[in-house]
Amino acid sequence: MKQASILQKKTYLYLTEFFAGMSVMAVELGASRLLAPYFSSSQIVWTIIIGTIMIAMALGNIYGGRAADKNPNPDRLYTRMLVAAVWIAAIPAVGRYVILGISALLIFSVSSNYLIWAAFGACMVLFVFPLFLLGTVTPSLVKYTVDSLDDNGKTVGMLNAANTVGSIIGTFLPTFVTIPAAGTSATFFIFAGIILLLSLIYFITVGKNGRKTAVAAFLFLLCFLFGAQGRPAFWETDLTYEGESVYNYLQVKEDTDSVVLSTNVLFGVQSILKKDGSLTGMYYDYALAAPFMAGVYEKERLEVLVLGMGTGTFATQCRRYFPNAHIEGVEIDEKITWLAREYFQLSEEVPVATYDGRAYLNAVDKKYDVILVDAYQDITIPFQMSTIEFFTMVKNHLTDGGVMAVNMNMRGSGEGNINQYLADTIAHVFGDVYTVDVDGSTNRELFASTSEGMVEVLQDNVALAADHGLAEFMDQVSAGLAAYQPGRYRMTDDQAPVELLGMQVIDGLIGGEVSYYRSIYKQQGIQGLLDAMR
């Protein structure tokens, strides 16, 4: 029998198990990159992805085992794999529309934990069904490969080993090869294509279901044609650059006045270059108070370190206004550094280390006059750069009278918000701490010094500034500074709930933005909402 000829030595079944395990992990990693531009890649989002995929796999295991006992026909398994392959291939074509559609529905019905529910809904719709189908692979193959009780342990062990090895390769391959080199969409197509090919080979070999395989191949090709050019910001038509790195989705937008980098689609500006060299009007300008606080005009050479260099907005400004400043940067994403040189005029004279900020401080002994901490993982500060242990490390790398500046990008309100946690944590390490709100944004800038009197030093040095526009702005910053009184909150390496705290602030921001439209929707329904948005 033709069916027996391809399966009789069990090699093909082991290959099926191997590539199924590889594809499950690849889809999981692809899911994180598909969701990240909209919901971030925080630990919370990863928890949602892993949790929903485990639910899908568990249900698939149960169903696959029962289906194999009821009708032990490999045709059924490979048919399920055909469906899974086509579904996965469709994700690049329709996934972004599904995400935005679910987000739009939930934004008017969910009042708290919006991002959590939206990410969970997107995962359930996009990924549960195909991974449920792939979850049926292992119990089905056990049924087909176990001939007797004498060798069933060995056979099941080989299947599990094939699945595990495939999963290991499927973990590393997308992260280090397919996503950086070809993108998230291509990653879905590659692994969907592998599953499709396995099924096609089986059906062609046994000479069955020619129409079914032809339809599956046609649908796969259709998904490829529509999804190959899929972009997170599909409504943008004038991006200067759009791409992916190991860490981020990246887009560069340019107009007559400025060049902007964003690492997500729906919100946020990570870096900006003003083409005329003027101040940005954003928090980067406020951070320029740190060199003044460190006595920039009293030093022959001002040593500046930027943790979270981005495309170098702060570094470029420092070079423009402070000729005696020597700037070093640390940026974990090497591709962002390339963008900085290519589109944002970051000088080659500014060295940038491709490293994690905390790991960099661990590796160097040098002391700095100014350290700017501006490292973000999407919408939240990386937990390892938000703790007492980290800020103690920063303090130990500052000179006497040195200043640390920290950008806090979500100005929370209410007791126990993320900025209160962060500021309290810093105040446990530094004795002299000041904050200032950034006009027109949700940012707040924090300054901390190893010694008292940094505000007086700021004022003395601003009086020496040659650029009157900068001096005038620094006077405004000085007037807005408020001494921070430490509270009871603090974060440590053992406990730093930055993701949950960040989500709380985002819920508040989203609630404030949509409250007007939500009230219209409740009172007048969809038609009233559409009328209000015209």
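Which residues in helix 18 meet which residues in helix 19? Hi everyone, let's start there, and please keep in mind that we are looking at a predicted model.

On the helix 18 side we have Val455, Leu458, Gln459 and Val462, and they meet Ala471, Met474, Asp475 and Ser478 of helix 19.

Now, how do the two helices lie against each other? Helix 18 covers residues 454-462 and helix 19 covers residues 468-480. Their axes are 10 Å apart, and the packing angle is about 160 degrees. Angles over 145 degrees count as roughly antiparallel, so that is the term for helix 18 and helix 19. The crossing of helix 18 past helix 19 is left-handed.

Let's move to the strands. A quick reminder for those new to this: strands of a sheet pair through backbone hydrogen bonds, and they can do so in a parallel or an antiparallel way. Here we find an open sheet of four strands, in the order 1-2-3-4, and the pairing is antiparallel. Which strands sit at the edges? They are strand 1, residues 239-244, and strand 4, residues 271-274, each of which pairs on one side only. On average, neighbouring strands in this sheet are turned by 10 degrees against each other, ignoring direction.

Let's zoom in on one pair. Strand 2, residues 249-254, runs antiparallel to strand 3, residues 258-262, and four bridges join them.

Terms used: Residues are numbered from 1 along each chain as its sequence is written. This is a predicted model: local features need pLDDT of at least 70, side-chain atom pairs count only at pLDDT 80 or more; totals for chains, interfaces and linings use all residues. Side-chain values use heavy atoms; hydrogens and water are left out. Axes are lines fitted to C-alpha atoms, for helices over the stretch in contact, and angles run from 0 to 180 degrees between N-to-C directions. Angles under 35 degrees count as roughly parallel, over 145 as roughly antiparallel, 65 to 115 as roughly perpendicular and the rest as oblique. A crossing is left-handed if the near helix is turned anticlockwise from the far one by less than a right angle, and right-handed if clockwise. Contact means heavy atoms within 4.5 Å. Two strands pair if DSSP finds at least two bridges between them.
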